[in-house]
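I opened my notebook on a structure that was new to me. My entries follow in short form.

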Amino acid sequence: MCFIKYKSSDIIGQEWNMNKSRKSPCPTLVVWVPKKTGFTEFVEVNEDNEVQGGFSVAIFCKAVQFLPFNVRPIFRPFINETGGMNGTYDDLLRHIEGQKCQAVAGDVTIRGNRAQYVSFTIPYLAAEIYMLVHATPEWIQTLGTFLKPFTTRLWITLVCACILTGIAVALLEYRADNPKFESPFYKQLLMVIWFPISTFFFHEGEIRNKCTKVVLVMWLCMIFIVLQIFTATLSSWLTLDQLRPRVPSDHEKIGYQGGSFIKDLIIQKYKCSGKHLQALNSYREFKNALDNGSVDGIVDHLYYIDLFLAKYPSEYTKVGPIHQEAGIAFALPIGSALLEDFSRAVINVTESEFMEAMKTKYLGLPIPSKSKSNRAQAPLPQSLDVKCFIGLFTFMGIVTIAAIILSEVSLRRRGNKVGIEEEECKQQATASEQVQIKIPD
C-alpha cells in the first residue's frame, strides 16, 4: 500500500520523499475524507476513526506520486465528537474553504453550487445517477412457449412439407405397385402421414422403390436439422428470465444515500415536496426499505447501485441514467497552487492500468457483465421464420421432384424392356406353332 496507519487517525504517505526538482507549495497536505459506515468502497474509516483506504484514497495517493514536487498527504476523517460524519458533503467541502494546504478526497460529485466555495480537479470517475427499483418478471412461460421458437408461418410450412413428402412417397410406392397404397382413399391419406414415420422408426413399411428411400433419407435429415435448431432456440426461450422495472408513478417515497446531494436533486428534478424522502446509510437499509415498502425506489450513483445488485441480484433492477453529473473529483480550496498540477496527475492516473486495477479491487468492476440487472434490457429471443430454412426446403423440394422424375423414367424404361421381351416371346411362340403345322402326320 502507499500509506501507513497511525492511532492519531491520520494516514501519512511513506513513498512521498522522492527527489523532485520543484519546490512544493504544500509540503504537508491535510486530506479530509467522509466517514460512512455502510458504503466503504470509496473511503473506509474503521471504528477507531482510522482511515484504512478505499478507491478514492488509492487514486489520490497515486496522483500525488505524479506531482512534480514532494507532497506528504495526511488523511483525516471528517467526524464530530460522537465519531459520526460531521454533517453533509457540502459541510465537508465548506470545511476547507479559505484554507491553503487542505483537500477533500472521496466520492465527491462536481456540482455548480459547490464550485462557489471549492475548486475541483479533473474528474477521475463518471457520475451517472440511476434509480434502483423492484423488478417483476416480464416473460411468463406457458405451454405456448414450446411453439415460440418457430413462427406460425414456419410451423404451417413444416406441416405442409411433411404432407408433401408423404404424398411424394405415396406416389412413388403406388407406381412401384406397393399393395399398401392400393387401399381406399381415406386409408391412403393416413398412409401419406404415417408411412415415413413407421418405415424409419418402427420398420413396419416395405419400400419397393429406390427413389422412395432417397426421399425418406432426405426427409429424415431435414427433420434432424430442424429438430436441432428447434432445441437450441427453445432452450433460449426456457432460460429467459426477463425482468421489468416497477418504476414509481410519483417520486414522493424515494430513498437516497444519507449526506449526499441526491435529496436536492430529487426535489429539483421531480418537483416533489421532499417530506417522505428517506436517507439510507447501507446496502442492508437499501434492501429493507425496498422490501417493506417504505420507499418505492432508491436514487444513487451507478457504482453503488451496481454493487447492490451484485449482492442482491434476483429481485431488483436499475433504471437510467436519470441524470448525468460532471463527475467525481477531488476538491481543493479556491486559488490552490496544487490545482493545475493535481489535475494533470489525475489524468495520468486515469490513463494508467492502475485505475482499472483499483476499479476491480474496490468497485468490483466490470459489474455490468456479472450483474443480472441487465436482464431487463435484454430483448426477447426471435422466433425463426421460413426464410431461415428456405435453403433447406428448396433443396428438399429439388430432391423430391428429381426422385419422382427418375422413378418415372426408370419405370418407363423397365416397361419398355418388358414390352420388348413379351413381343419376342410372342414371336417365338408364333414361329413354334407354324413349325408344328408344317410337320406331316
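Are Phe 60 and Phe 75 buried or exposed? I found both Phe 60 and Phe 75 buried. I count a residue as buried under 20% relative accessible area, exposed over 50% and partly exposed in between (1.4 Å probe, protein chains only).

I noted the ground rules. I am reading a predicted model, where local features need pLDDT of at least 70, side-chain atom pairs count only at pLDDT 80 or more, and totals for chains, interfaces and linings use all residues. Residues are numbered from 1 along each chain as its sequence is written, and side-chain values use heavy atoms, with hydrogens and water left out.

**Aromatic pairs.** I searched the whole structure and got 21 aromatic pairs. Rings of Phe, Tyr and Trp (its six-membered ring) pair if their centres lie within 6.5 Å; planes under 30 degrees apart are stacked, over 60 edge-to-face, and the rest tilted. I looked up Phe 39 and Tyr 283, an edge-to-face pair with 4.8 Å centre to centre and 70 degrees between the planes. This pair links distant parts of the chain, 244 residues apart: Phe 39 is in the loop between β3 (28-33) and β4 (44-45), and Tyr 283 is in helix α7 (residues 283-291). Helices (H or I, at least four residues) and strands (E, at least two) are DSSP runs, numbered from the N terminus. Phe 39 counts as buried because its relative accessibility is 1%. Tyr 283 is buried too, at 6%.

I then went back to Phe 60 and Phe 75. Their ring centres are 5.6 Å apart and their planes are at 80 degrees, so I logged the pair as edge-to-face. Phe 60 is in helix α1 (residues 55-65) and Phe 75 in strand β6 (residues 72-77), 15 residues apart.

**Charges over rings.** I required NZ of Lys or CZ of Arg within 6 Å of the ring centre and within 35 degrees of the ring normal. Lys 62 lies over the face of Phe 354, 5.1 Å from the ring centre. Lys 318 lies over the face of Tyr 130, at 5.6 Å.

**Helix α6.** Which residues of helix α6 (residues 262-270) are buried? I listed Ile 262, Leu 265 and Ile 266. They sit on the same side of α6 because they cover an arc of only 100 degrees around the axis, taken from the directions from the helix axis to the C-beta atoms. Lys 271 follows α6, with a positive phi near 55 degrees.

**Helix α3.** I placed Leu 164 in helix α3 (residues 152-175). Leu 164 is exposed, at 55% relative accessible area.
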